Amino acid sequence: MLFSFSEWLWQEKYWLPPNSTWAQLEDRDGLVFAHPHHMLAALPVALVLVAVRIVFERFVALPLSRWMGVRDQIRRQMKPNPVLEKYFLRMGQRPVETQMVLLAAQCGLTLRQTQRWFRRRRNLERPCLSKKFCEASWRFVFYLCSFVGGISVLYHEPWLWTLALCWENYPQQTLNLALYWWYLLELGFYISLLITLPFDIKRKDFKEQVVHHFVTVGLIAFSYSSNLLRIGSVVLLLHDCSDYLLEACKMFNYSHFRRVCNALFIIFSLVFFYTRLIFFPTQVLYSTLFDSIKNKSPFFGYYYFNVLLVMLQILHVYWFCLILRMIFSFLWKGQMAKDIRSDAEESDSSDDGAVPESPQMKNGVTRGSGPAIANGPRSRAAGRLANGHTQST
């Protein structure tokens, strides 16, 4: 059964243009071609990169963050409360007002104390600045090395400067060993990002990031298997152009070098705009849509590859909208705003949209002569919700 599935999956009509066969891509006479099984090496490479990242963040990035003045905010602890903790983990981090009243009644706390407990508990879930700095510095180092490595590998290739040449003699294009290793590292890196997703910082565009990583892995693996290495390497290099600038911007932002951060962000925005909103759709997408079928008929891989590229372009537009919001904030306030994808820490003075504590309740007892409501509710609303009535005084 497994053999039948493999035979069906690797049919030439899915991966190669018409009148092309796998036999034509067999190594011969000193010529080496890309083979799909080469990409299996990306799995151990990804694991190695995860290990290298752990060592780098612990012994390089963390000391660097301290040297650059990154200081984690001291977070106030809250008293352990099994009822609130259970709700926080199972039901949600932001109870609605009526549920907050019920929880206060069950725990014998005031509404304000319950709100404060949830604020402090949410703050504990937020990553500290040093963790953000370490993650950004790891990505900065990789993206910068990848960009420099890509330039050194591709600079002398004529098809880098004339994209129509990417389709010359396709798919019978030989494999450059240096290009293979660069491609393998890129694929391994994005697989490593998928492995560490549960532990990485989750920003507001987390779902978009997950989609981006899966699309990137799909593009790299498919382009290598179909010998679309030339156009695939252009796409990779185009993304590396701006990625390391963004991570450097984050590092200076976390270390409060505002002027450097602002300058880098403007440069990053310009590079991002040109590479991903001008060059990518007008040159790369145009070439994959039209140049690729001038001498060949469309096949399944043509549609699959272009659909993934269009998905990338949609993500580019989405992220540039976020960039524009930060640029407008910069022009309005004169300094770069915080990353709008990240949650800000809440102070104990945050209202959280909750109802203020009833003035006549103090220490669980009304200022009148009546006893406290059972289970210690601190407001009449809590008593009504908890017991269905209020005790008379």
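This is a predicted model: local features need pLDDT of at least 70, side-chain atom pairs count only at pLDDT 80 or more; totals for chains, interfaces and linings use all residues.
Residues are numbered from 1 along each chain as its sequence is written, and side-chain values use heavy atoms, with hydrogens and water left out.

The secondary structure of the chain comes to 14 helices and 2 strands; helices (H or I, at least four residues) and strands (E, at least two) are DSSP runs, numbered from the N terminus. Of the 393 residues, 49% count as buried. Buried means under 20% relative accessible area, exposed over 50%, and partly exposed in between, with a 1.4 Å probe and protein chains only. Among contacts in the chain with a separation of 6 or more, 77% join residues 24 or more positions apart, a contact being heavy atoms within 4.5 Å.

In soluble globular proteins, nonpolar side chains tend to be buried together. Here, the largest nonpolar core has 80 residues, and Leu154, Tyr183, Phe189, Tyr224 and Val284 have the most contacts inside it. A nonpolar core is a set of buried Ala, Val, Leu, Ile, Met, Phe, Trp, Tyr and Cys residues joined through side-chain atoms within 4.5 Å. Leaving aside residues up to four places away in sequence, Val284 touches Leu163, Ile231, Val234, Val235, Leu238 and Phe279.

Helix H5 (residues 97-107) has Met100, Val101, Leu103, Ala104 and Ala105 as buried residues. An α-helix has 3.6 residues a turn, so residues three or four places apart point the same way. Just after H5, Gly108 takes a positive phi of about 70°.

The aromatic rings come next. The structure holds 30 aromatic pairs. Rings of Phe, Tyr and Trp (its six-membered ring) pair if their centres lie within 6.5 Å; planes under 30 degrees apart count as stacked, over 60 as edge-to-face and the rest as tilted. Trp10 and Trp15 make a stacked pair, at 4.6 Å centre to centre and with 25° between the planes. Of these two, Trp10 is partly exposed at 30% relative accessibility, whereas Trp15 is buried, at 12%. Tyr155 and Trp161 form an edge-to-face pair because their planes stand at 85°, with the ring centres 5.7 Å apart. Tyr155 is partly exposed, with a relative accessible area of 47%, and Trp161 is exposed, with 58%. One aromatic cluster is formed by Phe5, Trp8, Trp10, Tyr14, Trp15, Trp22, Phe222, Phe300, Tyr304 and Phe305. A charged side chain also meets a ring: Arg58 lies over the face of Phe59, at 5.3 Å from the ring centre. A charge sits over a ring if NZ of Lys or CZ of Arg is within 6 Å of the ring centre and within 35 degrees of the ring normal.

There are 3 cavities of 30 Å³ or more in the structure. On a 1 Å grid over the protein atoms alone, a cavity is a set of points where a 1.4 Å probe fits but cannot get out, and lining residues have an atom within 4 Å of a point. Grid points are joined across faces, edges and corners, and a volume is the space filled by probe spheres set on the points. The second largest cavity has a volume of about 140 Å³. Its lining consists of 16 residues, of which Thr216, Leu219, Ile220, Val235 and Leu236 lie nearest its centre. Helix H9 (177-195), helix H10 (206-225), H11 and helix H13 (300-333) each supply at least two residues of this lining.

His239 belongs to helix H11 (residues 229-254) and counts as buried, at 7% relative accessibility. Not counting residues up to four places away in sequence, His239 touches Arg276, Phe280, Leu312 and His316.

Between helix H8 (158-161) and H9, the loop contains Pro171, and the peptide bond from Tyr170 to Pro171 is cis, with omega near 10°. In the loop between H10 and H11 is Asn227, which has a positive phi of about 60° although it is not a glycine. Asn227 is buried, with a relative accessible area of 2%. His256, in the loop between H11 and helix H12 (258-289), has a positive phi of about 65°, although it is not a glycine. His256 is partly exposed, with a relative accessible area of 45%.

Terms used
On a 1 Å grid over the protein atoms alone, a cavity is a set of points where a 1.4 Å probe fits but cannot get out, and a pocket is an open set with protein on both sides within 12 Å along at least five of seven lines; lining residues have an atom within 4 Å of a point.
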